[in-house]
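Trainee: I'm new to this one. Could you show it to me and let me ask how the labels were decided?

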2 protein chains.
Amino acid sequence: MEMVRLNPPAELTMPVGDAMYSQRAIRRLDPNRPVTDAQLKIILDSASKAPNGGNAQPARYLVIRERGAIKEFGKLYFEAWWAKRRDAYGWTSKADIPEDSQYRFAAGLADEMVNAPVVILVYSNSTGVAASSTFPGVQNLLLSARALGLGTVLTTLHADVMEQVNTMFGVPSEMVFHCCIPIGYPRGNFGPTSRLPTSVTTSWDRWGNPPPWK
Amino acid sequence: MEMVRLNPPAELTMPVGDAMYSQRAIRRLDPNRPVTDAQLKIILDSASKAPNGGNAQPARYLVIRERGAIKEFGKLYFEAWWAKRRDAYGWTSKADIPEDSQYRFAAGLADEMVNAPVVILVYSNSTGVAASSTFPGVQNLLLSARALGLGTVLTTLHADVMEQVNTMFGVPSEMVFHCCIPIGYPRGNFGPTSRLPTSVTTSWDRWGNPPPWK
């Protein structure tokens with residue numbers, strides 16, 4: 001297959017550090033402000049530039065824009081999310097979720113999926129090491145969306161709805177699903193994220209030796 | 001564990017598009033030009049900012065800088081690379097590798113690993129969906145290295161040397177290995193990469209429908 005060399009698009013001028021440091025999960029998207037085809041081309045082109053094993057480029061992207069399809073998909077996402085939490089924890093509404101649980105955010109996303117102007121489902125056409133050849137491109141996609149002012153959240157689908165979703169969009173059975181990314185202008189703000197200091201997550205020359213910083 | 005909020009470092013001013021579009025695998029590194037601790041902190045901090053499931057932050061980084069350790073590690077990498085190709089294809093030297101094979105590049109890296117000023121091994125402290133919570137951070141690490149003028153290549157280790165490597169550096173057996181990243185100033189140039197056009201890798205609203213661009 002013919003390959004191409006592209007120049008960086010003029011729209012991606014945000015400093016790389018600013019994009020990384022202000023990239024947070026945006027779960028509340030504005031359903032009334034559309035994402036353009038030109039923006040989607042920019043973020044998908046960026047994804048293609050990421051490293052992947054042997055340049056085999058296994059990643060494949062399904063871009064869903066039709067309102068009706070996103071509503072149907074969002075309903076399925078919502079039902080699957082709550083079915084899983086009901087089975088695992090006995091929760092049937094938000095009041096059941098502990099105050100300090102990350103699941104509160106996830107439940108919010110389950111409400112909001114129907115409002116996403118665009119949803120991208122990421123697959124690969126091969127198994128094995130495909131995750132290591134797919135998620136670097138996913139991060140390029142998320143960073144370039146951030147640079148364009150678009151909000152995203154990296155999420156997944158529950159195994160028990162995959163067959164329905166794949167049937168809904170005609171996805172061949174040999175494709176391997178990796179992640180789901182709703183995209184749109186944020187209702188709310190970008191902003192800093194809280195993380196463990198790298199002095200805690202990094203070893204220096206031998207496991208458990210701290211690096212020379214705090 | 002206490003978490004921190006950081007501001008983007010002043011060094012990461014390269015436009016995000018330029019970093020993504022000029023990030024190519026750099027397999028030949030300058031052994032005589034050191035990578036500073038301050039640079040390593042910047043790239044590891046960047047890695048920490050990437051999205052990860054439930055902000056559980058499973059990624060752990062082992063930074064190897066000691067020359068003796070890198071030489072020992074590089075020798076092991078070289079031997080394992082050739083053992084695997086001997087078993088799989090009967091190759092015993094570069095002359096055996098077909099001219100147009102991506103393995104020519106990989107064989108070059110097997111030669112060059114000993115010259116890397118720094119090697120980072122990336123692990124996670126949990127299994128399951130850990131790859132999706134690790135490789136977005138790996139891509140941040142690679143992009144910020146690029147923004148600092150440092151070359152990298154995303155590679156892996158062969159399963160049959162993992163035990164030796166983990167013993168060499170005292171890595172606990174419960175850690176899950178994800179990838180190996182040699183880092184240094186390039187001998188050679190950054191430059192464009194060749195990729196499939198996104199019109200080939202993208203479906204629009206239904207699998208197989210092309211997007212509205214070429």
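Predicted model: local features only at pLDDT ≥ 70, side-chain atom pairs only at ≥ 80, totals over all residues.

Trainee: Why is Gln57(A) called buried?

Mentor: Buried takes 20 or more other C-beta atoms within 10 Å of the residue's own, exposed means 12 or fewer, and partly exposed is in between, with C-beta atoms placed from the backbone. Gln57(A) has 23, so it counts as buried.

Trainee: And what makes Asn55(A) partly exposed?

Mentor: Asn55(A) has 15 other C-beta atoms within 10 Å, so it falls in between. Asn55(A) sits in the loop between α2 (37–48) and β1 (59–64) of chain A, and Gln57(A) is in the loop between α2 and β1 of chain A too.

Trainee: What is the phi of Asn55(A)?

Mentor: It is near 50 degrees, a positive value in a residue other than glycine. Gln57(A), not a glycine either, has a positive phi of about 50 degrees. Most residues other than glycine have a negative phi.

Trainee: How do you know that the two copies are related as by a two-fold rotation axis?

Mentor: Chain B can be laid on chain A by a turn of 180 degrees and a shift of 0.0 Å along the axis, with an RMSD of 0.0 Å. The two copies are thus related as by a two-fold rotation axis. The superposition is by least squares on the C-alpha atoms of residues with pLDDT of at least 70 in both.

Trainee: How many residues of chain B are in contact with chain A?

Mentor: 79 residues of chain B are in contact with 79 residues of chain A, where contact means that C-beta atoms, placed from the backbone, lie within 7 Å. On the chain B side, α5(B) gives the most, with nine residues. And 100% of the interface residues of chain B are also interface residues in chain A, so the copies meet through the same surface.

Trainee: Which residues have the most contacts inside the largest nonpolar core?

Mentor: Ile120(A) and Ile120(B), in a core of 110 residues. Such a core is a set of buried Ala, Val, Leu, Ile, Met, Phe, Trp, Tyr and Cys residues joined through C-beta atoms within 7 Å.

Note on methods. Residues numbered from 1 in each chain as written. Chains lettered and ligands numbered in written order. Contact = placed C-beta atoms within 7 Å. Helix = DSSP H or I, 4+ residues; strand = E, 2+ residues; numbered from the N terminus.
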